[in-house]
Amino acid sequence: MRIVFIFLIFLLSAFADSNVTKKSDKTLLETITPEDSEKNAKSIAIIAKAIDKKKQEEKKKQEQELEAQKKLQEQKRLQKRAERIKEEELLRTRINKLIEKKKKIDEELSKDNIWANQYLPYETYQELEIKHKKYADEIEEYGDKKKLSNTEKLELKRLKNEYKIIEGKLSQLSDYKKDPFANMVKIKELEPEPKITNPISILDGISYQKQLKSIKEENEEKYASLNEAVVKLQEKVALLKELTLLSKRNKYVQELKATKQKLRDFEDTLRIYKTSIKTFSQVASQISLNIDEGIDKEVKKLVVIGATIGSLLLFLFLIKFLINKYMSENDFFYGINKIVNGSFIVIIVIILLFSYIENVKNLMTILSFASAGIAIALKDWFMSILGWIVIWVSGSVHVGDRMKFVKDGVEYVGDVVDISILRMTLHEDVTFTSVYKNRRTGRIIFIPNNYIFTGMIANYSHAGLKTVWDGIDFYITFDSNASKAQHIAKEVARKYSKGYTDMTRKQLNRLRSKYSVRNTAVEPRIFGFLDEYGVRISAWYLTNSYATLTLRSTISMEILSRLQAEDDIELALPSQSLYMDKPAPRPPLPQNSESI
């Protein structure tokens, strides 16, 4: 029973205070007699172990609780750190977005806005002026010192160089020292308002109205650009304020201050320019109204004059009808027609003069436009007279020259038989052009003298040169003796053109003093070419400019006769030769052929 009792006391002591436990253990030990000590030694040992175990468990539990508290505190610390990092990241993101927006605004202002570009030199001048004053103060500080070290002397020299450089830049930007928008806010000055007093002045009035509209649109575009700049600057100020609060950097504070000053300048300019535009619009509206009234008045006047002239014109047609009907056989018919036409013109002129002769200026205007109209109408005549002068002065064309003119793709070749003040007269002859192209000749062609300024003219007999190169082409077969054919062509051409060759050589020698004549070869030239149906022989020789066909015919017949007499030369026709069982024959080359 005692053992049970002691065990119950132990259980109670586990839940009691430590002092109470000690007292309970002492009391318990006092109640135990010596006789029982031996019997209960084992029990006491067991109880002691249980107590130690309980204490260890309590200590372990306390350590676990302490560890849990430390982990909880660490988790809270890490959580706070993560929240702080997240806040900093959000702050950096916000700052970067604000910087990007500010950068975009600066780019838009610098690229697309004329007002911002105009203000930029002014800003540069202000910055340079601040640096200029700063360098001046620093130089003055060094000047107050009695003795300078080598380092200070070098620094003073650098400051003076920088001071001179900035002074030069300030001199270049002196126009932007004060108001940067002084010229831009000025409204373009208008020319004097036109007075609508005649039909010509109606065009002046319409042109003036277009000018007013153009200036008004230009002012509106500039105002819109200035207003846009103000809006962007306001946005920039708001961005800089937020950047200043978030980043707390001094550079944003300085930029904010400068931007606020810039915004004030732009807002002041906007108010001034708005007033100027409003004033101009009122003046332009009044001027436009005056012009409209003048145009309406002049149009009504023009309608009356037009109706009067139209009535006179109908009356003129009636009179001419009666004259043609009843006086066509009369000897005075032509004279009466002239008188009627002249009278009508005089009456029209008198009506116009009395309608618009309000001052001499209007009369001079009418006469000037009439003179301009006559000059335009008679432009070809004036140009022909000028061409006649050029012809006689330059000596490029003379009576008797063999000439070639081209008009609308048609060629005219003949001899100049007359040169008058307005035109040249050409008599066509039988030439290569008439034989192969026009198929007609003998006509008298009249060429205006102004043609020398607008067309190409070929002179076959200029400066005493009475000969031209002419050519004859003929074809021989591939198996013919081409060298012999060339030799025959050269012999015939040389034989019949010898006189012209000698003549041309003398004429070209005389022309060297007037023109830069390089190629003076005058001997006949023979060429051979491979063509589609055979070998083409081309013979060129000098002939008389006025009788090319005669010599061409003679040489052609002689060459034909000589070629027909040769067995190894055949004239070629558009044909083909087929060699089925053997290769095409090659004619032997002559051993001692004369060089061509």
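1. Start at Y273. Leaving aside residues up to four places away in sequence, Y273 touches W115, M184, V185, I187, N219, K222, Y223 and L226; contact here means heavy atoms within 4.5 Å.

2. A word on what you're looking at. This is a predicted model, where local features need pLDDT of at least 70, side-chain atom pairs count only at pLDDT 80 or more, and totals for chains, interfaces and linings use all residues. Residues are numbered from 1 along each chain as its sequence is written, and side-chain values use heavy atoms, with hydrogens and water left out.

3. Y273 also turns up in the largest nonpolar core, which has 26 residues. Such a core is a set of buried (under 20% relative accessible area, 1.4 Å probe, protein chains only) Ala, Val, Leu, Ile, Met, Phe, Trp, Tyr and Cys residues joined through side-chain atoms within 4.5 Å. Y273 is among those with the most contacts inside it, along with L109, W115, F181, L226, L243 and F266.

4. Two or more residues each come from α4 (41-112), α5 (114-144), α7 (199-247) and α8 (250-326). Helices are DSSP runs of H or I, at least four residues, and strands are runs of E, at least two. The biggest giver is α7, with 8 residues.

5. There's a second, separate core too: 18 residues, including A485, V535, I537 and I569.

6. Now the sheet. Its 5 strands run β4-β3-β2-β1-β5, open and antiparallel; strands pair if DSSP finds at least two bridges between them. β4 (444-448) and β5 (457-459) are at the edges with a single partner strand each, so one side of each has no neighbour in the sheet.

7. Between β1 (402-407) and β2 (410-419) there are 6 bridges, and M403 sits opposite G414 in β2.

Notes. Buried < 20%, exposed > 50% of the residue type's maximum accessible area, 1.4 Å probe, protein only.
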